[in-house]
Amino acid sequence: MKKELTITEVEAQIEWHEFMLSDSLGMSSWKVVVGRYNALKIKLAQMNGERPVVTHGKTDHII
C-alpha cells in the first residue's frame, strides 16, 4: 500500500524540485522535473482544500 504524503512532505519535495530547476538540466531532465513539480503543486492545492483548474495541453509548451 502506498503511503500518503503529508503537506510538509509535499512542500519539502516542491522546494527540492525548485532547487533542481535552478540548476542547468538537459531538456529531457527538465521536462521530468517540471512535470513532477507541477503535479506536486496541484497535489498541495488539493490538500489545502482548493480545487485547481488544470489545463491539459502539450507538455513541451509553457502556457
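Student: Which residues does His17 touch, not counting residues up to four places away in sequence?
Tutor: His17 touches Val33, Arg36, Tyr37 and Leu40. Contact here means heavy atoms within 4.5 Å. Keep in mind that this is a predicted model, where local features need pLDDT of at least 70, side-chain atom pairs count only at pLDDT 80 or more, and totals for chains, interfaces and linings use all residues. Residues are numbered from 1 along each chain as its sequence is written, and side-chain values use heavy atoms, with hydrogens and water left out.

Student: Is His17 buried or exposed?
Tutor: His17 counts as buried, at 8% relative accessibility. The cut-offs are under 20% relative accessible area for buried, over 50% for exposed, and partly exposed in between, with a 1.4 Å probe and protein chains only. His17 is found in helix α1.

Student: How many helices and strands are there?
Tutor: The protein has 2 helices and 0 strands. These are DSSP runs numbered from the N terminus: H or I over at least four residues for helices, E over at least two for strands.

Student: How do the axes of α1 and α2 cross?
Tutor: Helix α1 covers residues 7-21 and helix α2 covers residues 27-47. Their axes come within 9 Å and cross at roughly 150°. Axes are lines fitted to C-alpha atoms, for helices over the stretch in contact, and angles run from 0 to 180 degrees between N-to-C directions. The two helices are therefore roughly antiparallel to each other. That label applies to angles over 145 degrees; under 35 is roughly parallel, 65 to 115 roughly perpendicular, and the rest oblique.

Student: Which residues meet there?
Tutor: From α1, the list includes Ile7, Val10, Gln13, Ile14, His17 and Leu21. Among those they meet in α2 are Trp30, Val33, Arg36, Tyr37, Leu40 and Met47. By class, the contact has 12 nonpolar, 2 polar and 5 charged residues. Nonpolar covers Ala, Val, Leu, Ile, Met, Phe, Trp, Tyr, Cys and Pro; charged covers Asp, Glu, Lys and Arg; the others, Gly among them, are polar.

Student: What about Gln13, what does that one touch?
Tutor: Gln13 touches Leu5, Arg36 and Leu40, not counting residues up to four places away in sequence. Gln13 lies in helix α1 and counts as partly exposed at 25% relative accessibility. Its C-alpha atom is separated by 8.2 Å from that of Tyr37, 24 residues apart along the chain.

Student: And Trp16, how far is that from Tyr37 in space?
Tutor: It is 9.1 Å, C-alpha to C-alpha, and they are 21 residues apart in sequence. Trp16 lies in helix α1 too. Trp16 is partly exposed, with a relative accessible area of 47%.

Student: Now away from the helices. Where is Glu4 found?
Tutor: Glu4 is in the segment before α1. Glu4 is exposed, at 60% relative accessible area. Leaving aside neighbours within four places in sequence, Glu4 is in contact with Glu9 and Lys43.

Student: Other end: is Val53 buried or exposed?
Tutor: Val53 counts as exposed, at 78% relative accessibility. Val53 sits in the segment after α2. Val53 and Ile42 are 11 residues apart in sequence and 8.9 Å apart in space, C-alpha to C-alpha.

Student: Last one. What share of the whole protein counts as buried?
Tutor: Of its 63 residues, 16% count as buried.
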